[in-house]
Amino acid sequence: MTRLTLADCFDPTGERFGIPTYPWTYAPDGLATRRQLRARGLRPGGQDIAAQLLRPRRRRGPLTAYLYRIDRAKPVRAMTLAKRAALAKANTARRTCPECRRDAGYAIPTSLGMCTPCAYPEE
């Protein structure tokens with residue numbers, strides 16, 4: 001695998017990668033990542049990827065971030081009461097210890113499978 005340089009990541013025509021590609025911090029105006037859209041209260045809304053950002057790394061393949069057009073983005077859907085209730089129920093289940101059935105006050109680590117007092121009882 002050949003290493004990419006910053007100059008290799010600049011392909012605004014999409015000739016090399018199939019879609020327009022820019023180095024990590026050089027995205028053109030009017031394009032944003034999913035996180036940037038979410039920060040503005042928007043979502044991609046079914047549109048195709050408009051471009052991508054690449055950031056070369058030394059030991060692995062490049063980091064990729066997909067860009068979407070801001071003018072085609074749609075507002076984030078409002079949370080319904082049913083969805084809010086389902087999320088509350090799921091979060092309660094994540095905090096409830098299966099051994100002692102108490103609310104731990106934090107999300108139970110999957111590595112332990114139970115709250116800390118149950119995993120490490122005092123001897």
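**Close-up views of a predicted chain**

View 1. Within strand β5, residue R69 is the bridge partner of L31. The model is predicted, so local features need pLDDT of at least 70 and side-chain atom pairs count only at pLDDT 80 or more, whereas totals for chains, interfaces and linings use all residues. Residues are numbered from 1 along each chain as its sequence is written, and side-chain values use heavy atoms, with hydrogens and water left out. Strand β5 covers residues 63–69 and pairs with β2 in the antiparallel sense over two bridges; strands here are DSSP runs of E with at least two residues, helices are runs of H or I with at least four residues, and both are numbered from the N terminus. Two strands are said to pair if DSSP finds at least two bridges between them.

**View 2. The open sheet.** Four strands form an open sheet with mixed pairing, in the order β1-β4-β5-β2. Its edge strands are β1 (21–23) and β2 (31–32), each of which pairs on one side only.

**View 3. The salt bridges.** Side chains of opposite charge can pair when their charged atoms come close. A salt bridge is counted when a side-chain nitrogen of Lys or Arg lies within 4 Å of a carboxyl oxygen of Asp or Glu, and by this rule there are two salt bridges. One of them joins R69 to D71, with the closest N and O atoms 2.7 Å apart. In the salt bridge between D103 and R95, the N to O distance is 3.2 Å. Residues are called buried under 20% relative accessible area, exposed over 50%, and partly exposed in between (1.4 Å probe, protein chains only). R69 counts as partly exposed because its relative accessibility is 30%, while D71, at 56%, counts as exposed. D103 is partly exposed at 47% relative accessibility, and R95 is partly exposed with a relative accessible area of 27%.

**View 4. Residue A82 in helix α2.** A82 has its place in helix α2, which covers residues 81–95. Because its relative accessibility is 59%, A82 counts as exposed. The C-alpha atoms of A82 and Y26, which lie 56 residues apart along the chain, are separated by 41 Å.

**View 5. The setting of these details in the chain.** The chain has three helices and six strands, which follow the pattern β-β-α-β-β-β-β-α-α along the sequence. Along its principal axes, the C-alpha trace spans about 65 × 40 × 20 Å. Of the 123 residues, 22% count as buried.
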